Amino acid sequence: MEENKMTTGKVSGIIANLVIVEVDGPVSQNEICFINLAGVRLMAEVIKVLGNKAYTQVFESTRGLKVGEPVEFMGHMLEVTLGPGILSKNFDGLQNDLDTMVGTFLKRGEYTAAIDVDKAWDFTPIAKAGDVVVAGDWLGEVKENWIGHKIMVPFKFEGKYTIKSVKPAGTYKASETIAVITDAEGSEINISMIQKWPVKMPIKAYTDKPRPFRLMETGVRIIDTMNPIVEGGTGFIPGPFGSGKTVLQHALSKQAEADLIIVAACGERANEVVEIFTEFPELDDPRTGRKLMERTTIIANTSNMPVAAREASVYTAMTIGEYYRSMGLKVLLLADSTSRWAQALREMSNRMEELPGPDAFPMDLPAIISSFYARAGYVFLNNGSTGSITFIGTVSPAGGNLKEPVTESTKKAARCFFALSQQRADSKRYPAVDPIDSYSKYLEYPELQEYLAANIAPDWLGNVLEAKNILLRGKEAYEQINILGDDGVPIDYHLRYWKSEVIDFVILQQDAFDKIDCSAPIARQKEMLEKVLGVCRADFDFDNFEDVNPWFKRVINVFKQMNYSLYQSEDFKKYETELAEVIKERKVA
Amino acid sequence: METQGFKKIYTKITQITKATCSLQASGIGYEEMATVNGRLAQVVKLQGDNVTLQIFSGTEGIPTNAEVIFMGRPPVLKVSEELAGRFFNAYGEPIDGGPEVEGEVREIGGPSVNPVRRKQPSELIATGIAGIDLNNTLVTGQKIPFFADPDQPYNQVMAMVALRAKADKIILGGMGLTNDDYLYYKNVFDNAGALDRIISFVNTTENPPVERLLVPDMALTAAEYFAFDKKETVLVLLTDMTLYADALSIVSNRMDQIPSKDSMPGSLYSDLAKIYEKAVQFPEGGSITIIAVTTLSSGDITHAIPDNTGYITEGQLFLRRDSDIGKVIVDPFRSLSRLKQLVIGKQTRKDHPQVMNAAVRLYADAANAKTKLENGFDLTDYDVRTMSFAREYSNDLLAIDVNIDTTAMLDTAWDLFGKHFTKAEVGIKQEFVDSYWPE
């Protein structure tokens, strides 16, 4: 990539943020260039080359740009800077540190450093002189918040290297050389704590990517119990506006059992990001007792920020995730919303006058989405330890219709489908994940089935499937009751319906704003599912359908009080006893 | 607008379409303004020396030898305190017969606020309308549209909200407003003696549709001046955003862009977001709150315009005619204010969230009872009580002609609970029942 002379060019055409540049030398696809606008340098990316014309998408507004302005090409693709100091930061889609920007308004052409290179870190060596290393191998470690941040052989390095020296334990600046390695020819290379990587390329510094098998607890019952996601798994949440996508994503980011969380706010409301900025520094991470912000990194490219940078933002987030995965950490990556990213692709494809695919999206949309989801996963690193990226994206389907290109393409790529339903949202059944339409393919993985049997209970999977079946039968019974009327069906139909309602109210529904109910550990979920199934499996004695509804409402109410009580507390046990008494009233021995 | 001196005049147009014309010129900036035989135009495409201009008022009668003068700047607005009390057209020119406004020249459609420099919205906006204050409380810095059919009185409700909200400035952005509605706003503001805190940018149906693309940016540039520079509380009313989006689709169609859903441009989401995201609470005190109108065609919210809007805004308000009481109400089911959680029970009485939810739940029970009745099933005593509760709730609280403060709304709700239900049926936390249940 280190050419002797950089290519330059001149602006020859402008249509919104598509700028055509006449170049005087070689350019590569996705190369970054800077366009001069009255002294301000606007960053742009090459997206098409035609003869000596490079079509570039500018990451900023092009207002006032003139034909003939000079352009400098950088000889590399869009890169992120990787090193200690990324955690807890608020970046924009191009990894500019939003907090160090001057002024209230974003100024175009203002790019800030992602990492403070002068910050000093306490370094502890891991490798020693004489070790043979490859890209991604750990040379040493610094403490970033509470995470052991590994300093690695840069991912760009190909082949084997021998360590000549590693600095002893001590305090060093991020930009200082902490190790010297030699390549096959014997030339020496200095390594600092900082490296760069092009965002559109996956980091492949691992030996193996097995099928994921380990449950990732989120504390959300409808996910953990009914449609579990695994460490290194992928899932997506489609839903119309107002169905609670953001609340669910925030719940995941607060509770999920991950070492760190990367939130890509991609083309969504700025006030939602402000909510994270405001609340996360105050909230405690229940697992470490530290503040949630310490494990959270935000890539904020809100809907009013430049469209092209919106596309880059999801890649920036994924690359940062891959970097931390290479340290053997469990990363949860949340992107809200991938539809906005797809729309950014559509806007560009449209300006380049490409032939459109369905709904005017580019034809290769499914390929782009699936190769992005493929970057998630559970991996074995070179040294045998493991790391993972679990990716959950939201999708905002136009008109709430799930038969649109982004939802359909994502459905092919993601393994968990958490469909939010307008109907459930309207009846305030939150989280509004549809119990019938949603699925987790991982439940079919023998690897996960074994894990669940060993770590939760041998009959766990059977119980979950039974609960799903009861929900389905309850829905069928409900439809019959609606058609034939309350007294037009046997009492058994009412029982069937109300048993499914118990599962709905006690297991599926969860109060995200309640301090206790918002997050349920898996042991608690197990006990509640068993208790609920106990009710569903029992026979009850009713002569009159009018008695069914009030009695089950009492059962549900006691169950809900249990959900609101501290697990195994006095209150919890009190309601448990009360429940047993209510059930005794009607249960057939 | 004044013609500036020393500007080169071009007189050779090479291409004319319905909305655009092209000519050879050099040194032109993208989005620069120009005049073509006196009509305002803006650069939309530069290709070598070939410049394409979009003429806002259309190209009818434009000759190939028309005089084209480039202004060397994007569209601007002069901002100062003098804006207050004035009426302007889409270009920011006075239409009230008053003098030109002097002030600092600002580009419209300027940069966005750095998200880390925003403050979480936290100040309640009281409107006196219980359908809003009780169920869908508004907060400064929020953006929320009315989703309404064209026959509904959204302009009246908006004018009412604007006057009752304690805003320092009210900025009206009228797009495709009928002349009658424009005069209505003018009269209402005048009669209320509020003209000195009103600023209007109006494009009426008599003006060319493409002009209205400038209106939101004009209104919001003025809003940013008062909210950021002057730290004032600013309320921006945008009516009707559907007509704005229609103008976008006209332009994109004439630019030969491939339409996406419902013939709208593929960039509709970003275009609308750029406007609505100007709503902001600044940490220094000023704020911009946007209340907009998106007209629907027979209630269809899956159309691209309301659909994209719903994903951008922080909730939406629905108006509906309640035939039981013969009044227009704020629909409690479909309306939503996403930011209400930030203020209710905190800046209002503690029982607010619970009372709000209980009332809506009982109202939903009434709707079920009504369906039962219509389907010929027997009603229980509870059904009958919910229905009479619903009628009074609708009349005393949901109707848009209600004007009381939030505490009075809560007291009214408790009175209705006590009149129609038992404590257990209402199901509110015991401590609130103890304090507020009417004897």
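Predicted model: local features only at pLDDT ≥ 70, side-chain atom pairs only at ≥ 80, totals over all residues.

Visitor: Start with the helices. At roughly what angle do the axes of α11 and α13 of chain A cross?

Guide: Helix α11 (residues 491–508) and helix α13 (residues 545–564) of chain A cross at roughly 15°, and their axes come within 10 Å. Angles under 35 degrees count as roughly parallel, so α11(A) is roughly parallel to α13(A).

Visitor: Left-handed or right-handed crossing?

Guide: The crossing of α11(A) and α13(A) is right-handed.

Visitor: Which residues make the contact?

Guide: From α11(A), they include A:I491, A:L495, A:W498 and A:F505. From α13(A), A:F545, A:F552, A:I556 and A:F559 are among them. The residues of this contact divide into twelve nonpolar, two polar and two charged.

Visitor: Switching topic. Where is A:E268?

Guide: A:E268 sits in the loop between β19 (260–266) and α3 (270–279) of chain A.

Visitor: Buried or exposed, and why?

Guide: A:E268 counts as buried because it has 27 C-beta neighbours inside 10 Å; the cut-off is 20 or more.

Visitor: What does A:E268 touch?

Guide: Leaving out residues up to four places away in sequence, A:E268 touches A:T302, A:S303, A:D336, A:S337 and A:R340. The C-alpha atoms of A:E268 and A:T246 are separated by 9.8 Å, with the two residues 22 apart along the chain.

Visitor: Last one, chain B. What domains is it divided into?

Guide: Chain B is divided into domain 1 (9–70), domain 2 (76–341) and domain 3 (352–436). The C-alpha centres of domain 1 and domain 3 of chain B lie 62 Å apart.

Terms used: Residues numbered from 1 in each chain as written. Chains lettered and ligands numbered in written order. Axes fitted to C-alpha atoms, helices over the stretch in contact; angles between N-to-C directions. Helix = DSSP H or I, 4+ residues; strand = E, 2+ residues; numbered from the N terminus. Parallel < 35°, antiparallel > 145°, perpendicular 65-115°, else oblique. Left-handed = near helix turned anticlockwise from the far one by under 90°. Contact = placed C-beta atoms within 7 Å. Nonpolar A, V, L, I, M, F, W, Y, C, P; charged D, E, K, R; others polar. Domains from an automatic or database assignment. Buried ≥ 20, exposed ≤ 12 C-beta atoms within 10 Å, placed from the backbone.
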